[in-house]
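This report describes the architecture of one protein model, beginning with a single helix and ending with the overall arrangement.

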Amino acid sequence: MCTQVVHIYTDGSLIDGKVGSAYYDVTRNAIARFRIADFASIYTAELIALHEALKYAMQLHLEPRPVIFLTDSLSVINKLQNINPNSNLNYIEGEIVKLCTALRTSGRQFRLIWVKSHAGIVGNELVDSYAKEATKKPTIDIQTPVYPPSDLRRRLREEMLKEWQDTYDRYPSGETYKTTFPKVSLTPWFTKCPGKSKSFYKAISRIRSGHCVTKAYLHRIGRSDTDLCDTCQTTETLHHIILECNKFNEERDIMINSLPTSIPRPFNLATILRPDVYELIFIFLCSSNITI
Ligand SMILES: [Zn+2]
C-alpha cells in the first residue's frame with residue numbers, strides 16, 4: 001500500500017436493533033466508533049461513517065497527502081457520484097457534500113471508492129468489526145438532526161406493527177382466524193388479488209372470516225334443525241364443504257390438481273387460504289353451485 005496516500009475505511013452495521021458506524025485510518029491506525037440511533041437505517045449508518053471520516057480528514061493538517069475513502073456501500077457510492085444541482089439530498093448527504101467541497105477548497109486531493117465486502121480486504125474487515133463494536137456501546141453518540149425522517153417513519157411503522165401483532169396475539173377470541181392468519185399485515189388481502197368480481201371478494205372474505213352459511217353455522221343460530229350434511233351425514237363445516245364433501249368430489253379434484261406443489265399435504269383450510277389459491281377456491285365454489 002502506498003504510504004503517501006491516507007486510506008480511510010468506513011462502514012455501518014446493524015445488529016439486534018442497534019446501529020453503529022465506524023471509520024478506520026489505516027495510515028495512522030486511528031479508529032473511531034459511533035453508536036447511532038436505533039431507528040437509523042443501514043444506509044444512514046454508512047453515511048454517518050463517511051461524514052465522520054470526512055470531518056476527521058479535514059482536521060489532518062500534517063501534510064498535503066491525498067486521501068482515499070473506502071466504503072463497501074454501493075448505495076452511498078451511487079448517491080454521491082450522481083449528485084447534480086437538482087438532487088434531493090437529506091441532511092447528512094448535504095453535510096457530506098459540503099465537507100467534500102471544503103476538502104477540495106483546502107487543496108486536499110481525495111477520492112471515494114467502493115470495495116467489495118467480505119472479500120478478505122483487511123481494512124474493510126477491520127472497519128466492519130469496529131462498526132459492529134460500535135453497536136454495543138451503552139449510549140448513542142450521534143443525536144439529531146442527522147437522521148432523515150424516512151428512518152424514523154420506517155422504525156415507527158415497525159414498532160406499530162409489532163404492537164399490533166402483540167395485541168392480536170393476546171386478543172382472547174378469534175382463535176381459528178389467528179391460526180389461519182397468524183401474522184398481521186399492513187396490506188389488506190384483496191390488494192394481492194386485484195381486478196376480481198364483487199362475488200369473488202365477498203366469497204373469499206367470508207371464507208377467511210369463517211362466517212359462512214354452513215349447516216353447522218345455521219344450526220348454531222337456530223336456523224336449521226340439523227348441522228349434518230345431507231349427503232355425508234357428518235357435520236357440515238366449511239372444511240367439510242371445501243375439502244371433504246362427497247357431493248363435490250369432481251369439482252374438488254380439479255381444484256386440488258391445480259394447487260401449487262409448495263402447499264404441504266394433507267391440505268387444510270389454513271394451508272390453502274392464500275392469495276395464489278383464492279381464485280381456484282372461487283372457481284370450485286362456482287362450478288359446484290355452492291353459496292356460502
Ligand atoms: Zn358432505
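The buried residues of H3 are Ile-92, Glu-93 and Ile-96; a residue is called buried if 20 or more other C-beta atoms lie within 10 Å of its own, exposed if 12 or fewer, and partly exposed in between, with C-beta atoms placed from the backbone. They cover an arc of only 105° around the axis, which puts them on the same side of H3; the arc is that of the directions from the helix axis to the C-beta atoms. On the other side of H3, the exposed residues are Gly-94, Lys-98, Thr-101 and Thr-105. An α-helix has 3.6 residues a turn, so residues three or four places apart point the same way. The cover over the buried residues of H3 includes helix H1 (42-58) and helix H2 (74-81).

After H3 comes Gly-107, whose phi is positive, near 85°.

## Basis of the model

The model is predicted: local features need pLDDT of at least 70, side-chain atom pairs count only at pLDDT 80 or more, and totals for chains, interfaces and linings use all residues. Residues are numbered from 1 along each chain as its sequence is written. Helices (H or I, at least four residues) and strands (E, at least two) are DSSP runs, numbered from the N terminus.

Strand S1 (residues 6-15) is mostly covered, with seven of its 10 residues buried. S1 pairs with strand S2 (residues 18-25) in the antiparallel sense over eight bridges; two strands are said to pair if DSSP finds at least two bridges between them. In this pairing, Leu-14 stands opposite Val-19 in S2. The two strands form a hairpin with two residues between them, and Asp-16 in the turn has a positive phi of about 50°.

S1 also pairs with strand S4 (residues 67-71), here in the parallel sense over five bridges. The bridge partner of Ile-8 is Phe-69 in S4, and that of Tyr-9 is Leu-70. Four of the five residues of S4 are buried, so S4 is largely enclosed by the rest of the structure. S4 and strand S5 (residues 110-114) likewise pair in the parallel sense over five bridges. Val-67 has Phe-110 in S5 as its bridge partner.

## Overall arrangement

The protein has 12 helices and five strands. Its radius of gyration is 30 Å, well over the 19 Å that the globule rule gives for 292 residues, so the protein is more spread out than a compact globule. The radius is taken over C-alpha atoms, and the rule is 2.2 Å times the number of residues to the power 0.38. Along its principal axes, the C-alpha trace spans about 95 × 40 × 35 Å.

The protein is divided into domain 1 (6-148) and domain 2 (178-287), with bounds that come from an automatic or database domain assignment. The C-alpha centres of domain 1 and domain 2 lie 54 Å apart. Of the 292 residues of the protein, 25% count as buried.

Technical notes: Two residues are in contact if their C-beta atoms, placed from the backbone, lie within 7 Å.
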